[in-house]
Amino acid sequence: MRPDGVAVMGSDVGARPQARPFTHDLERRQRLAGEILLSPAAVAIILTSVVPLLLAFYFSLTNYSLLAPPQWVGLANYQAILRDPVFWESLRNTLSFAVSQVGIGIVVVVLVAALFNGYLFGGPVMRTIVYLPQAASYVVVALVWNLLLDPAVGPINSALMAIDWGPIYFLSDPAWAMPSIVVMSMWRNLGYFMIIVLAALKSVPSDLLEAAKMDGANAVQRFWTISLPTIRGVVAFVAITWFLGALQMFTQSYVMTRGGPVNATRTIVYLMYDEAFTNLSIGKACAMAVMLFLLVVVLSLVLRFVLRPKREVS
Amino acid sequence: MTVATRRGRAAPRIDPKITASAAFHAIALVVTALYAVPMAYTVMVALTPHGEWIGAWPSRLEFSNFADAFLSADFLRFFINSAVVAITCTITQVVLSCAAGYALAMLPVRGRNLMLLLLVALLVVPPEVSLVPLFVMVSHVPLTGGNDILGNGGQGLLNTLPGVMVPHIVSALAIFLMRQFYISLPAELGDAARIDGASEFRIFFEIYTPLVKPAVAVVGVFAFQAAWNDFVWPLVVTYSNDMRTLQLGLTVFFQENSTQWPLLMAAVLAISVPIVVLFLLIQKFFQSGALSGALK
């Protein structure tokens, strides 16, 4: 039999004296096996995700510097943050990064996916090349772009200087820093989202497309009236995922501009990082984390509602 | 087919279909070039000998840049750290998500719906939200790094490799994905094995898990990528070079010697190749639609 099971489940089994021999025994064995299989992951999830989230809420209401135990201060951290102009600047930077990257990016992603969905000589190879950068880290892509955009030795500025347009100090000019990071991030992420949209395009019913072709619709019309409405849900999913991810931008700013010049690329997460690990103000950092959390939850609900698929296909 | 014959025959005027196809090819080539040129440029710089002008054709290909990059600035140490962290986290994530995913899909566990609800809810939580509290927790792990039994007094797991692993040992998304794969398999397989007297663990491990190997590969590669490419967490949890990972070590190296472009690009290539190769290897799983059930 299963002596180990009896030992662990002892109290539970005792609670049900009238056992139907076979089914009850089977269900008990299955339940025990399930608990043994599930509990390590459940404990790990609770410790690494649930508890930190709850602690973020708790610390956000305290004054905590790591050196002394947390002291309850109520909403003081939130009030201080909302009065801080740098917070609003960071929020604006974060939103403009997310809106411009995803707003432009989603159109490019759909167009490029449509391009690769048609017959192309060498299409799979080209698709793979576009897909590669997203496997590399943001650090790696940021470092490559640091070289590409370098005012002294970078190839982009060499080209601009050859036509007397340069040099442009892409990463040290406040007007150029954020657009540069937007372009670099879009460049990296394009391939990942393109693959998802491409998979959706492949699932568009071909009989519909054939029928439209018979009726004389050209490629653009077929794409606009059949393919795009069919993949609408996937495009919305991609836009939401991409947007919510972009709200957490930190690495690109840290590696490329250190949040500068003059806070031009400082994001919410960057501010939170500085607050926690430069100013050792855990309470304020956690208050920002909670605000980011609320922003993400609210925006994901709003976006899901705005971009919800129309109920045209059952 | 009519299209094929029409395209094959040399018509006196240019077929608009051919013009369109040529235009599509041209656009696709431009898009590809926007990716291929920077990559080729990176390779070229990585092979430029020390002291030569960056961006010009190198006079010879300096492959020793790769070795030099790894010999300078503790890169070998960073590489070992990254490998240890990424491989360990891949194993724990695969094991935990297979076990939990199977239990949630196939076994009558109490609190199953609550757990599923929790996993789905966690998918929306940005990892950066837990960054600071997790740092506090890691510094208070009892009986490590000079801490007492209550977790006070020392630095806990800060600046240790287990500390670097913490956020990647488990993933709600991975558990959820594995559950979706297991649940798409027929229950009859397990019932047949049960009648033959197989234990629940054998049914999990020998009957069902071999059927979800593609999913295991995908979850494993994602886990490896998340741990290998992570930057923010190693940045906050380590403070000395001997515990840094590649992504972090590379950034520190760049911020201290930003003009050593050939060495930097050689390092960039060396740390990206493993992950890119892994992605190319699992690409067929994406294309074969192995994920379609789970992404629905």
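# Briefing on a two-chain predicted model

A:Arg258 sits in the loop between H11 and H12 of chain A; helices (H or I, at least four residues) and strands (E, at least two) are DSSP runs, numbered from the N terminus. The structure is a predicted model, in which local features need pLDDT of at least 70, side-chain atom pairs count only at pLDDT 80 or more, and totals for chains, interfaces and linings use all residues. Residues are numbered from 1 along each chain as its sequence is written, while chains are lettered from A and ligands numbered from 1 in the order in which they are written.

- A:Arg258 is not a glycine, yet its phi is positive, at about 55°.
- A:Arg258 counts as partly exposed because 13 other C-beta atoms lie within 10 Å. The scale behind this calls a residue buried if 20 or more other C-beta atoms lie within 10 Å of its own, exposed if 12 or fewer, and partly exposed in between, with C-beta atoms placed from the backbone.
- A:Leu280 is in the loop between H12 and H13 of chain A, and this residue other than glycine also has a positive phi, near 50°.
- A:Leu280 has 13 C-beta neighbours inside 10 Å, so it is partly exposed.

**Confidence in chain A**

- Chain A has a mean pLDDT of 87, with 91% of its residues at 70 or more; pLDDT is the predictor's confidence in each residue, from 0 to 100.
- Over residues 1-19 of chain A the pLDDT stays under 50, and the model has 9 contacts beyond four places in sequence for this stretch. Two residues are in contact if their C-beta atoms, placed from the backbone, lie within 7 Å.

**Annotated spans of chain A**

- The unreviewed UniProt entry places "domain: ABC transmembrane type-1" on residues 91-303 of chain A. UniProt positions are given in the numbering used here, feature names are shortened, and annotations may be inferred rather than shown by experiment.
- In the model, residues 91-303 of chain A are 75% helix and 0% strand, and the end C-alpha atoms of the span are 18 Å apart.
- Under "transmembrane region", the unreviewed UniProt entry lists residues 36-59, 95-116, 128-148, 176-201, 222-244 and 282-307 of chain A.
- Residues 95-116 of chain A are 100% helix and 0% strand, with 30 Å between the end C-alpha atoms.
- Residues 176-201 of chain A are likewise 100% helix and 0% strand, and here the end C-alpha atoms lie 35 Å apart.

**Domains**

- Chain A splits into domain 1 (3-60) and domain 2 (84-306), bounds that come from an automatic or database domain assignment.
- The C-alpha centres of domain 1 and domain 2 of chain A are 42 Å apart. Their contact takes 4 residues from domain 1 of chain A and 6 residues from domain 2 of chain A.
- The side of domain 1 of chain A that touches domain 2 of chain A has 3 nonpolar, 1 polar and no charged residues. Ala, Val, Leu, Ile, Met, Phe, Trp, Tyr, Cys and Pro count as nonpolar, Asp, Glu, Lys and Arg as charged, and the others, Gly among them, as polar.
- Chain B is assigned domain 1 (20-62) and domain 2 (74-295), whose C-alpha centres lie 34 Å apart.
- In chain B, 7 residues of domain 1 are in contact with 6 residues of domain 2. The domain 1 side of this contact in chain B holds 4 nonpolar, 3 polar and no charged residues.

**Where chain A meets chain B**

- Contacts between the chains involve 65 residues of chain A and 67 residues of chain B.
- Several helices of chain A give two or more residues to this side, among them H4 (85-117), H5 (123-131) and H13 (282-306). H2(A) gives the largest share, 22 residues.
- By class, the side of chain A that touches chain B has 51 nonpolar, 10 polar and 4 charged residues.

**Selected helices**

- H6(A) is mostly covered, with 11 of its 11 residues buried; these include A:Tyr138, A:Trp145 and A:Asn146.
- H11(B), residues 213-229, has 17 residues and reaches 24 Å from its first C-alpha to its last, close to the 24 Å expected at 1.5 Å a residue. The expected span of a helix is 1.5 Å times one less than its number of residues.
- The buried residues of H11(B) include B:Phe224, B:Gln225 and B:Trp228.
- B:Leu76 belongs to helix H4 (residues 75-106) of chain B, and it is exposed because it has 12 C-beta neighbours inside 10 Å.
- B:Leu76 and B:Leu246 are 170 residues apart along the chain, with their C-alpha atoms separated by 8.9 Å.
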